[in-house]
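Here is a walk through one protein chain, written for someone who would rather look at the model than at a table. Keep the viewer open while you read.

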Amino acid sequence: MGEIIEGCRLPVLRRNQDNEDEWPLAEILSVKDISGRKLFYVHYIDFNKRLDEWVTHERLDLKKIQFPKKEAKTPTKNGLPGSRPGSPEREVPASAQASGKTLPIPVQITLRFNLPKEREAIPGGEPDQPLSSSSCLQPNHRSTKRKVEVVSPATPVPSETAPASVFPQNGSARRAVAAQPGRKRKSNCLGTDEDSQDSSDGIPSAPRMTGSLVSDRSHDDIVTRMKNIECIELGRHRLKPWYFSPYPQELTALPVLYLCEFCLKYGRSLKCLQRHLTKCDLRHPPGNEIYRKGTISFFEIDGRKNKSYSQNLCLLAKCFLDHKTLYYDTDPFLFYVMTEYDCKGFHIVGYFSKEKESTEDYNVACILTLPPYQRRGYGKLLIEFSYELSKVEGKTGTPEKPLSDLGLLSYRSYWSQTILEILMGLKSESGERPQITINEISEITSIKKEDVISTLQYLNLINYYKGQYILTLSEDIVDGHERAMLKRLLRIDSKCLHFTPKDWSKRGKW
């Protein structure tokens with residue numbers, strides 16, 4: 001027992017989703033002693049950090065323990081002590097050199113269909129690395145990646161404005177979707193890979209002067225890699241946090257952290273919470289209610305006018321978002337909180353945030369559905385609402401990268417269903433094939449052109465036939481889409497939205 005130290009790697013017993021025992025390799029991040037009994041905090045290699053946990057020595061396979069290697073002295077550069085021969089980002093990993101593998105070269109994904117230059121589009125391969133927007137979602141490295149057809153540079157590339165013919169396979173198109181050519185939108189198309197996919201490591205190349213919440217992983221330390229809150233009580237739910245959140249140090253040793261579900265203030269005991277509830281007048285999030293249909297409501301909260309609530313919301317969200325930075329300066333952000341109403345008040349379900357001014361056309365900075373409400377359609381409802389706001393603003397939008405594994409799945413699903421809904425609604429005129437352009441799809445849906453293109457490629461719908469690009473809808477795709485739409489019961493009704501966009505470029509409105 002005395003040999004196990006931080007940094008050791010060894011198999012650890014855990015139960016998988018099928019309730020079967022398995023022994024994945026794990027790294028010891030911390031060791032603590034409670035009443036003479038040692039506990040070990042382990043991170044399962046190639047698993048998401050939300051599965052990290054404290055385990056006893058009975059679950060460790062000590063026969064296969066791997067001790068950390070001693071670090072060699074770092075050579076100096078230019079004779080200056082402490083300087084490294086190269087930055088960590090540019091050094092070749094030893095594992096890749098040993099295996100003889102060729103490291104991936106950063107590729108700029110072409111965002112325009114009519115550029116003749118060589119390009120590669122990899123919408124289905126390693127997106128959002130690492131993988132959950134204030135604030136959203138590192139992908140699970142164990143998730144299955146779908147191979148995507150890469151358009152050959154030798155093949156003519158379709159224009160965004162050139163119409164693509166839609167070919168239903170063994171089926172017919174249904175109803176017409178009126179394109180809106182007279183509708184003007186603000187757009188800023190930049191030919192970089194940042195707009196449609198993440199950079200290779202998810203870290204911006206330069207600091208942003210606006211409110212980006214993307215985390216710089218280079219500053220991770222052993223403290224932030226470990227969960228520090230055991231349990232959170234929020235209303236009638238008890239939540240088990242997935243990741244580290246910078247709550248005050250004195251609260252991290254408590255078995256349960258109590259939160260007011262209306263103002264999100266935290267307390268150290270149930271008695272403190274009960275005393276607070278006698279003084280708290282809120283029964284809904286602060287701010288303006290801009291949407292209500294049935295029991296679902298959305299509240300718009302200004303990060304400058306409601307700083308305390310916004311900061312508490314960020315602290316709570318950080319428990320379930322791994323790759324976002326928590327800023328206490330919430331002034332540059334708007335928060336849209338989705339709630340469910342009952343006789344006791346409006347209970348928080350999830351939220352997304354967005355910058356008041358975004359030069360990259362981001363309509364979401366972070367997005368989160370709280371664990372008790374996941375897998376019930378609320379995540380897609382949040383996404384749909386963010387695009388509904390973009391429609392009112394007359395813009396196209398895209399979420400800030402990187403997305404988490406769960407966030408990526410939700411966005412992929414939403415984009416696919418929304419675009420297929422448009423394509424299946426087209427009908428032929430005077431016996432000719434129905435035609436639509438990338439720009440028209442983007443205009444109708446407010447989805448950024450780069451996301452439209454990557455989704456069409458992800459679904460493998462684009463084909464080159466007799467000198468033109470066609471979109472082929474197979475029976476499997478049509479049937480799968482219809483089944484998915486039958487399950488999607490929660491939808492945004494634009495008639496219930498009461499929202500007037502502001503021009504945040506005028507600083508007086510902040």
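Two strands count as paired if DSSP finds at least two bridges between them. Helices (H or I, at least four residues) and strands (E, at least two) are DSSP runs, numbered from the N terminus.

## What you're looking at

This is a predicted model, in which local features need pLDDT of at least 70 and side-chain atom pairs count only at pLDDT 80 or more, while totals for chains, interfaces and linings use all residues. Residues are numbered from 1 along each chain as its sequence is written, and side-chain values use heavy atoms, with hydrogens and water left out.

pLDDT is the predictor's confidence in each residue, from 0 to 100. The chain averages 76 on that scale, and 68% of the residues score at least 70. Over residues 79-157, though, the pLDDT is below 50, and the model still gives this stretch 189 contacts beyond near neighbours in sequence. A contact means heavy atoms within 4.5 Å.

Residues 170-210 also stay under 50 in pLDDT, with 103 contacts beyond four places in sequence. Where pLDDT is low, the predicted coordinates should not be read in detail.

## The sheet that starts with β1

Now for the pairings. Strand β1 (residues 9-11) is joined to strand β4 (residues 25-34) by three bridges, running antiparallel, and Arg 9 has Glu 27 of β4 as its bridge partner. β4 then pairs with strand β5 (residues 37-44) over eight bridges, again in the antiparallel sense, with Ser 30 opposite Tyr 41 in β5. The hairpin of β4 and β5 has two residues between the strands, and there Ser 35 takes a positive phi near 55°. Finally, three bridges join β5 to β6, also antiparallel, and Val 42 has Glu 53 of β6 as its bridge partner.

## The sheet around β8

Strand β8 (residues 232-234) and β9 run antiparallel and share three bridges, with Leu 234 partnered by His 237 in β9.

## Where two helices cross

Helix α5 (residues 405-424) packs against helix α8 (residues 475-487) at an angle of about 115°, with the axes 11 Å apart. On the α5 side, the contact is made by Gln 417, Leu 420, Glu 421 and Met 424; on the α8 side, by Ile 477, Val 478, His 481, Glu 482, Ala 484 and Met 485.

Most residues other than glycine have a negative phi, and most peptide bonds are trans. Against that background, the bond from Lys 401 to Pro 402 is cis, with omega near 0°; Pro 402 sits in the loop between β18 (398-399) and α5.

Arg 375, in the loop between β17 (366-369) and α4 (378-393), has a positive phi near 65°. Arg 375 is exposed, with a relative accessible area of 86% (buried means under 20%, exposed over 50%, partly exposed in between, with a 1.4 Å probe and protein chains only). Asn 460, in the loop between α7 (449-458) and β20 (462-465), has a positive phi of about 60° and counts as partly exposed at 38% relative accessibility.

Methods: Axes fitted to C-alpha atoms, helices over the stretch in contact; angles between N-to-C directions.
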